[in-house]
Amino acid sequence: MQCVVFDMDGVLFDSEKLVLQCWEQTAQAHHIPDIQTACRSCLGSNAASARQKFLEKYGADFPYDTYKQEMSARYWQQVGGDMVQQSKPHPEIYQTACAAMDVPPACAYAVEDSYNGIRAASRAGMHPIMIPDLLPPTPEMEQLAEQIFPDMAAFQAFLKASQKK
């Protein structure tokens with residue numbers, strides 16, 4: 001074996017469930033029937049294919065692009081290091097991400113594996129979560145991180161338990 005290639009959606013990132021939840025909320029707001037069937041038919045598809053499947057199910061006049069834009073504005077924002085002036089440990093990237101989502105930093109988790117990322121999240125006023133990778137937690141990280149989890153599965157279990165409260 002010379003290589004391992006991972007599918008991101010649903011394997012590395014549990015995005016499929018999140019996308020389904022977003023569509024369910026949009027469907028409820030706009031009275032779109034049978035959204036789960038439509039979404040499940042799109043699993044593993046690219047954006048163009050998913051759009052086509054929605055139009056086939058709901059008709060050519062279905063405002064797919066409008067709904068996608070609405071969901072993107074509400075749920076998905078991408079902020080990369082090339083979009084800010086200061087690098088971590090400066091909090092700018094996290095402040096920018098929270099501003100883009102219109103969420104106060106005090107109401108957001110920041111999931112990080114690096115020391116500078118935990119420092120940046122803490123300085124931004126967020127709730128830093130550390131999932132160590134190459135660098136083990138230090139006393140400083142134990143103080144700054146709200147929680148330290150051994151892996152993403154443990155963090156996901158924490159989130160699920162938090163939702164039940």
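Predicted model: local features only at pLDDT ≥ 70, side-chain atom pairs only at ≥ 80, totals over all residues.

First, my cut-off: I call it a salt bridge when a side-chain nitrogen of Lys or Arg lies within 4 Å of a carboxyl oxygen of Asp or Glu. I number residues from 1 along each chain as its sequence is written, and side-chain values use heavy atoms, with hydrogens and water left out.

**Entry: overall layout**

I count 8 helices and 3 strands, taken as DSSP runs numbered from the N terminus (helices are H or I, at least four residues; strands are E, at least two). Along the sequence I read α-α-α-α-α-β-α-β-α-β-α. The C-alpha atoms fill a box of roughly 55 × 45 × 35 Å along the principal axes. Of the 165 residues, 27% are buried; for me buried is under 20% relative accessible area, exposed is over 50%, and partly exposed is in between (1.4 Å probe, protein chains only).

**Entry: salt bridges**

How many salt bridges does the structure hold? I find 4. R51 pairs with D65, with the closest N and O atoms 3.1 Å apart. That pair joins distant parts of the chain, since R51 sits in helix α3 (residues 47–58) and D65 in helix α4 (residues 64–75), 14 residues apart. R51 is partly exposed at 33% relative accessibility, and D65 is partly exposed at 39%.

K88 and E112 also meet in a salt bridge, at 2.5 Å from N to O. Here K88 comes from the loop between α4 and α5, and E112 from strand β1, 24 residues apart. Which ends of this pair are buried or partly exposed? K88 is partly exposed at 29% relative accessibility, whereas E112 is buried at 7%.

I also noted E140 with R119, closest N and O atoms 2.8 Å apart. E140 is in helix α7 (residues 139–144) and R119 in helix α6, 21 residues apart. E140 is partly exposed, with a relative accessible area of 33%.

What does E92 touch, leaving aside neighbours within four places in sequence? I get V84, Q85 and Q86, with contact meaning heavy atoms within 4.5 Å.

E92 belongs to helix α5 (residues 92–101). The buried residues of α5 are E92, I93, Y94 and C98, and they pack against β1 and α6 (115–124). After α5 comes D102, with a positive phi near 55 degrees.

**Entry: surface**

I looked for nonpolar patches, made of residues with over 30% relative accessible area and no salt bridge; nonpolar side chains (Val, Leu, Ile, Met, Phe, Trp, Tyr) are joined within 5 Å, like charges within 9 Å. Y109, V111 and M152 form one, with about 250 Å² of accessible area together. Areas come from the Shrake-Rupley method with a 1.4 Å probe, and for residues only the protein chains shown count as cover. V111 lies in strand β1 (residues 109–112) and is partly exposed at 36%.
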